[in-house]
Each structure stands twice: as C-alpha cells, then as structure tokens.
Amino acid sequence: MILSELQFNTGNLEFLAKQVVEGFIIGLHKSPFHGFSVEFAEHRLYNPGDNLKHVDWKVFGKRDKMFVKRFEEETNLRCCIAIDTSTSMWLAKDNISKLQFSCLGATAIMQLLRKQLDASSLCLFSNEVHYHSPVKSSERHYKSLVTEMERLLANPPENKSTDLPAVLHQLAETLPKRSLLIVFSDFMDDLEKEEDFYLALQHLKFMKQEIIIFQVGDGKQEWEFEFENRPYQFVDLETGAKLKLNPKEVRPYYLEAISAYNQRLEEHCLQYNIDLIKTDIQLDINKILETYLIKRNKLM
C-alpha cells in the first residue's frame, strides 16, 4: 500500500479542537493565552504602560474609566496520531487489515491538518512505544510520517501484544499540554488491564489533552461474530493460542461479553468527554471521517 500516492477529498471540512490549545503559530483554534487578535474576550482595567490603541474609548466615554480590550488569541493545533501495531491489528478482511485501515485514516487526517497549517506527530506502539516523531507542520515532515507508515506496512511484526495503559500513561507524560491525541486501535487488550486503561484516559484528561478514539475492527466477525455453522480453529494472533469450536454454540455468550465491554468503553468515554468512533474496516474510511467531522463541527 503506497500511502504517499493517496489523496483524500476533505472539501471544506475543518478539524477544529474542542478545547483551548497551545500551538506555535496563529491558526484556527482557541488558545488559553490572550492577545490582540480577532475575537473579543473581555475588558480589564487600564494599567499605566498599556498601549493606548487597545483602550475602549466608547466605554471611557460612558464610565469615565479606561478599560483595555482583551481578545482571544487563536493558534494552531498540535496533534499526535497513535496507531496500535500489535499483531491483532493485522487481521485482514477483503485484502485490507485493521492496521492498513488505520494508516489510511491517519494519512487522511494528516492531510487535513497539513491543509490547516496544523502540526502533527506519529506514534506507533504495541506493548511499548516503538516510534514517536517530533511535532511539526512542514511538508517534509508529513512525507516522513507517511514513509514511516509505509515502512511499517511492508514489514509485519511477529507476535506483538498490546499494552494500552502503559503506552497512554507514557504519552500523558510526554505530549505537550493541550494537544489532541487520536488513537487507532482495536482495543482487544487483556480485560485484566481494563481498569488501568480507564485510569490512563483519566491521566491524559488531567494533563489537559483532548482525545479521539477510533475503535477499528471487522464488524461482522469481531463485533457480530458472524461465521458459517461449522467448526473453526480460532488463533490468538498475539499469543498464538488456538481454540477449536463451533461459533454458533458460543455466539450468544460472545455477543453478551463484547456488548458489555463496548458499553463500558462508551460510558467511560462519555464521562471523560472523549469522542469514540466505531470504525468498521468493511466501510469507506473517507465516509467515516466525513460523517464524524460534519457531526463534530456542528457541535462546536
């Protein structure tokens, strides 16, 4: 898969941060710092030494007191896209794997951020962080991130497990504050780590990060457990463990367990104000992103 040759049609869509961000340059997103930009924020009393051109003379005429206008400074977004590269992400359907689908989504988002002059970085992880780029907004940097994803797709790893809590805790400590973190993963981690995963999300929110989760999976097989009525041998791609069974016999129990897990995940994301997008690899990634961005921008 040659990602560098793909062009995604983003039209007039914008990827705006929901919360204030701290960036490098003037941009589209609200900053926690005040300057003298476009959008009025508030008044404050004049202090000796303040520039007189920022005094609100209309208020002075009404109240006989000098007030200075303060404006909200807008800045550019710093976005880290983290992709799960564990072996389970290599599960493929119709010649596209969950990892390939995630890289397509990451490339589309990077193209949109580049168009907005926003800065992006790439994090590749499994049970630990294997690659983490600096945050930049240049064309050269974008091409280097795409090349890194192409290199990853050309060299499948061997039996790598996932440790989401450890990776997210590390990102919480290393990412610049008020960044946007986008995670692509199937979230098929050990259920014994589930509470640790929610603690890691809390850690990220405490560090004032905005989080978007793309839960990538094969909708029919992984979420609905639809198989033919015959015996199968299921193989755990991360541990190599094998299990022979008839899917029809265990499907009700599987659906009950996966539904309960997804409900817990949705509830925690709602509680922490995290966007959760279920991403079926059998659908069109362009349509998934377009639908999400339209909905997101309407709620801004």
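In this predicted model, the sulfur of Cys 80 has its closest cysteine sulfur in Cys 123, at 5.2 Å, which is too far for a bond. For the sulfur of Cys 79, the closest cysteine sulfur belongs to Cys 80 and lies 7.0 Å away, again too far for a bond.

Turning to the aromatic side chains, a search of the whole structure finds 11 aromatic pairs. One of them joins Trp 57 and Phe 60, whose ring centres are 5.7 Å apart and whose planes stand at 90 degrees, so that the pair is edge-to-face. Both residues belong to helix H1, which spans residues 57-63, and they are three residues apart, about one turn of the helix. Trp 57 is partly exposed, at a relative accessible area of 47%, and Phe 60 is partly exposed as well, at 29%.

A further aromatic pair is formed by Tyr 232 and Phe 234, with 5.9 Å from centre to centre and 35 degrees between the planes, an arrangement that is tilted. Here Tyr 232 counts as buried, at 18% relative accessibility, because the limit for that class is under 20%, whereas Phe 234, with a relative accessible area of 23%, is partly exposed. Tyr 232 and Phe 234 also belong to one aromatic cluster, together with Phe 225, Phe 227 and Tyr 254.

The two pairs described above are set out here.

| Aromatic pair | Centre to centre | Angle between planes | Geometry |
|---|---|---|---|
| Trp 57 and Phe 60 | 5.7 Å | 90 degrees | edge-to-face |
| Tyr 232 and Phe 234 | 5.9 Å | 35 degrees | tilted |

Arg 114 lies over the face of Tyr 142, at a distance of 4.1 Å from the ring centre. In the case of Lys 278, the charged end sits over the ring of Trp 223, and its distance from the centre of that ring is 4.2 Å.

Technical notes
Residues are numbered from 1 along each chain as its sequence is written. This is a predicted model: local features need pLDDT of at least 70, side-chain atom pairs count only at pLDDT 80 or more; totals for chains, interfaces and linings use all residues. Side-chain values use heavy atoms; hydrogens and water are left out. Rings of Phe, Tyr and Trp (its six-membered ring) pair if their centres lie within 6.5 Å; planes under 30 degrees apart count as stacked, over 60 as edge-to-face and the rest as tilted. Helices (H or I, at least four residues) and strands (E, at least two) are DSSP runs, numbered from the N terminus. Buried means under 20% relative accessible area, exposed over 50%, partly exposed in between (1.4 Å probe, protein chains only). A charge sits over a ring if NZ of Lys or CZ of Arg is within 6 Å of the ring centre and within 35 degrees of the ring normal. A disulfide is a pair of cysteine sulfur atoms within 2.5 Å.
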